[in-house]
Amino acid sequence: MQKAEERELKKELKRKLAGIFANYVDDIKENNKISRSKIYELIADNMNIAADTVRKYRSEQDGIAEKQAQNLLNACIRFEVENHLRRTKLSKFVDEYKETVEKLIGEPLDIRDPELPYIADYFHIMKREDEKQWNSTVCPPELEKCLNNFFKEKKHLLIVQGTKKSGLTVSVTKYIIDRQKKKPVIVPYIFDIEGKGDKELRDWENLQKALKGEYVIIRIGHQKFEYYDFLRNAKAKIIVLAHNKVGVDNVAGAETVVFNDLVNHIKCTEQMVKMYSSELYEDLKDQKEELKFTLEKIHSITGGLPAAIRKIGSLIWKLYHVDGIGIREIFAEDLWKTKSGRELYETLWKELMADAWSLISDEERAVVEKVACIAHGASKKMMWFLADMEGNIRVLDDILNSFLFMEDGKFRNGSVSYPGVRLFPLMRNLILYKMQTEDSDGWERFYTDVMNRAVEYLEREINTAEMANIYKGKMCFMDREGEMQVVESVLEFCYRNLKITEYMSITAGLETYFSLRGRNDEAVKVIYVRRLEIAKKQENNPEILISYSYIINRCIWRGEKNMAEEKIRISDRYIEQYEIQNSTYTAVYFLIKAKYYMYVKHDYQTALNILKKIRRADLAVGKEDEWKFYIFVCEQKMNKADTKALFQEECRYLENEDDTNMIFRIQYGLFIAERYIEQCMADNRREKRLKTVEIVLETVNKDIHFCKYPVSLQLCSYYVRMACVSALYGKDWKKNFKDAQKAYNRTDRGIWKKRMEEYLKNIEKSVSGEKADFSGKNCSIRGKS
């Protein structure tokens with residue numbers, strides 16, 4: 001290029017810079033109501049020159065010279081950031097101006113300001129080369145929902161805790177990017193203040209100024225956040241990203257959520273696999289059972305963490321698609337037992353676990369390792385028993401602050417919160433990997449010792465009041481099936497190590513817990529089948545009969561009519577073949593057999609005959625209430641005109657509040673309400689009977705809230721009866737019915753919605769004088785109970 005042409009090009013570029021600057025000033029004046037003279041003055045202050053000099057920069061006749069070009073850009077950035085003006089305009093101006101200056105001076109332009117070290121990265125327009133990366137990133141739906149609520153509500157501080165390098169920061173950034181409706185898209189700047197102290201005053205000042213804007217993202221990492229003064233009067237929405245259990249100042253009005261928990265859902269895992277392991281998902285999407293199995297396995301390993309899913313999904317796809325190994329075979333043993341799997345687990349350990357692991361002592365690691373052997377979590381009492389130490393607040397606090405444990409669960413209707421601890425799934429898997437690979441011989445001894453101690457704990461505590469807090473009575477609700485995982489793990493160990501007595505006693509002690517709980521029924525099925533298998537191998541006839549009884553009871557709850565009928569036939573033959581005499585074992589079996597004829601066959605006469613065979617002396621503690629209740633139900637169903645007995649039971653129920661067996665007290669109340677509702681349909685004394693039903697149901701509601709057992713099914717029955725009352729009054733019953741459906745869904749025992757809805761619609765017809773059909777299945781409000 002000739003020198004004359006070069007000179008002409010430079011003049012053109014200088015004039016272009018002047019035009020960009022002029023448009024920038026006019027834009028600020030128009031959108032922020034700041035006069036041009038004030039803008040020139042503030043920019044001039046940042047350059048230590050006169051305001052009039054800055055005003056001349058907008059003249060296209062002379063343009064802006066190379067020497068002033070860079071200083072002017074830095075001054076404009078400082079002016080805009082410090083005055084919290086529109087960042088989209090700033091980014092557009094910076095990109096266009098910077099590109100022109102670089103053409104002018106013939107080299108890249110460094111716009112970093114030593115006094116504003118973050119400025120070059122502060123809110124920049126997404127480049128074309130970045131779009132592919134962000135388009136292939138997804139914000140997990142639960143986190144998206146949480147952030148949506150945060151930006152809608154008045155709260156201005158949200159603390160998101162999550163494992164380091166888990167995908168937390170990327171997910172939050174992706175949310176902010178997707179939230180923008182217009183282009184250009186701005187990639188938000190994240191203030192990373194981990195390890196920074198008060199001496200870095202200038203940086204803290206910049207953060208404080210940024211808090212006057214729309215929103216600010218602050219990453220504090222593993223440290224405590226103690227700079228609440230910045231937050232109290234902030235105008236901006238503040239998102240704090242932390243890798244520990246952060247102390248929260250109440251004055252700051254913070255809401256705290258846990259990223260690891262938000263993503264720990266199978267639907268979230270499926271979405272992550274679709275995005276981050278699309279090849280694997282595409283290969284399996286037409287094989288529904290294999291896809292479901294794979295997603296469940298990936299979820300159990302990763303707990304839904306995006307960073308782990310990306311890596312684990314790629315490994316599984318390689319083993320399946322490239323190496324030709326079947327999906328079931330891939331998961332037949334731990335993934336890290338293959339060479340590529342071990343390398344991947346080591347990478348995950350270094351990225352996600354090493355920092356947190358280094359923050360705790362050997363003593364504290366031993367506590368975490370022992371809980372990891374058992375399950376994803378345990379009650380604190382069990383944790384201290386396994387660790388062979390008294391409750392140590394310092395040890396627990398250190399583990400919690402390193403984010404290796406989360407406090408977990410709650411006592412139902414109790415004042416004590418967090419009676420347990422929980423490990424995130426991926427963290428537990430990585431800890432088990434590390435223990436088994438670093439010392440395989442030592443691991444076997446360690447694992448056996450821990451599990452033997454866990455068996456000892458359950459056996460020793462199973463019938464105590466303390467254990468009742470966790471599994472039977474007062475009921476400690478651990479998150480994500482925490483109690484069941486502990487039981488499964490301990491019983492699996494007993495089964496594989498032929499601890500027969502322990503297996504039988506633990507399963508018998510937890511039978512009430514198994515029958516009343518709702519979820520993970522397949523696990524209970526396996527436990528009972530194994531119990532029967534063990535009893536048969538031992539040729540222990542009474543235990544064989546009890547095991548069949550437990551299986552039949554489970555089938556009744558699940559509505560598995562054919563299976564229940566088959567097991568009853570086998571059990572009857574067994575009693576006859578081995579001449580099993582009347583005992584507590586036969587009493588349990590006959591109670592459950594009567595229950596089958598009542599709730600499955602609706603044959604109340606046969607059920608009553610069975611109940612009358614049971615000798616009162618053979619009934620174990622707590623079983624007499626059940627026996628009396630079943631007799632009362634059968635007699636009422638067979639003689640619906642017996643209102644005297646019903647009235648007597650109603651009086652007894654309302655007057656006696658000291659029943660020790662709360663479950664059957666609630667059952668009495670529900671059945672009494674059901675009988676009166678049926679009578680309302682049959683005679684004209686509807687209003688009086690409805691008042692009685694309301695009084696009974698009010699007491700039932702109180703009993704449900706005071707009951708320490710899981711009562712989802714009873715709560716469902718309560719709402720169905722309340723819906724019936726509303727329908728009989730001619731009021732809207734759909735709200736109560738919706739609550740009933742919600743409670744029933746928690747029991748995982750099938751769907752009765754269509755039948756119950758039909759019944760309630762028939763009540764509506766009857767009340768309005770239309771013809772209603774209460775024949776067949778529509779003649780009762782009793783479902784599977």
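**A walk through a predicted model**

Lys285 counts as partly exposed, at 39% relative accessibility. That label has cut-offs: buried means under 20% relative accessible area, exposed means over 50%, and partly exposed lies in between, with a 1.4 Å probe and protein chains only.

Some ground rules. This is a predicted model, where local features need pLDDT of at least 70 and side-chain atom pairs count only at pLDDT 80 or more, while totals for chains, interfaces and linings use all residues. Residues are numbered from 1 along each chain as its sequence is written, and side-chain values use heavy atoms, with hydrogens and water left out.

Now the overall picture. The protein chain has 785 residues, and 52% of them count as buried. Its secondary structure comes to 38 helices and 11 strands. Both are DSSP runs, numbered from the N terminus: helices are H or I with at least four residues, strands are E with at least two. Next, contacts, meaning heavy atoms within 4.5 Å. Take those between residues at least 6 apart in sequence: 69% join residues at least 24 apart.

On to the sheet. In what order do its five strands run? The order is β4-β5-β6-β2-β7, in an open sheet with parallel pairing. At the edges sit β4 (190-192) and β7 (254-258), each pairing on one side only. Neighbouring strands here are turned by 20° against each other on average, direction ignored. A word on pairing: two strands pair if DSSP finds at least two bridges between them. In general, strands of a sheet pair through backbone hydrogen bonds, either parallel or antiparallel.

Look at one pair. Strand β5 (residues 215-221) and strand β6 (residues 237-242) run parallel and are joined by six bridges. Arg219, for instance, has Leu241 in β6 as its bridge partner.

Which strands does helix α8 touch? Helix α8 (residues 168-179) packs on the sheet and touches β2, β4, β5 and β6. The direction of α8 makes about 160° with that of β6. Helix α7 (residues 141-152) lies across β2 (157-161), β5, β6 and β7, and runs at about 145° to β6. For these angles, axes are lines fitted to C-alpha atoms, for helices over the stretch in contact, and values run from 0 to 180 degrees between N-to-C directions.

Next, charges. How many salt bridges does the structure hold? It holds 43. Each one is a side-chain nitrogen of Lys or Arg within 4 Å of a carboxyl oxygen of Asp or Glu.

Back to Lys285. Its side chain meets that of Glu282 in a salt bridge, at 2.9 Å, N to O. Glu282 is partly exposed, at 45% relative accessibility.

Another pair is Arg36 and Asp26, whose side chains meet at 2.9 Å, N to O. This pair links distant parts of the chain, 10 residues apart: Arg36 is in helix α2 (residues 36-47), Asp26 in helix α1 (residues 3-32). Arg36 is partly exposed at 35%. Asp26 is partly exposed too, at 25%.

Then Lys434 and Glu438, in a salt bridge at 3.8 Å, N to O. Both sit in helix α21 (residues 425-438), and because they are four residues apart, about one helical turn separates them. Are they buried or exposed? Lys434 is buried, at 14%. Glu438 is exposed, at 61%.

There is also a network of salt bridges. It links Lys637, Glu674, Arg675, Glu678 and Arg721.

Stay with α21 for its neighbour. Helix α22 (residues 440-461) packs against α21 at an angle of about 120°, with axes 5 Å apart. So the two helices, α21 and α22, are oblique to each other. The classes are these: under 35 degrees is roughly parallel, over 145 roughly antiparallel, 65 to 115 roughly perpendicular, and the rest oblique. From α21, Leu432, Met435, Gln436 and Glu438 meet Ser440, Trp443 and Phe446 in α22. The residues of this contact divide into four nonpolar, two polar and one charged. Nonpolar covers Ala, Val, Leu, Ile, Met, Phe, Trp, Tyr, Cys and Pro; charged covers Asp, Glu, Lys and Arg; the others, Gly among them, are polar.

Last stop: helix α35 (residues 686-706), where we find Thr692. Thr692 is buried, at 19%. Leaving aside neighbours within four places in sequence, Thr692 is in contact with Glu650 and Tyr676. Ile695 also has its place in α35. Ile695 is partly exposed, at 47%. Where is Ala673 relative to Ile695? They are 22 residues apart in sequence and 9.2 Å apart in space, C-alpha to C-alpha.
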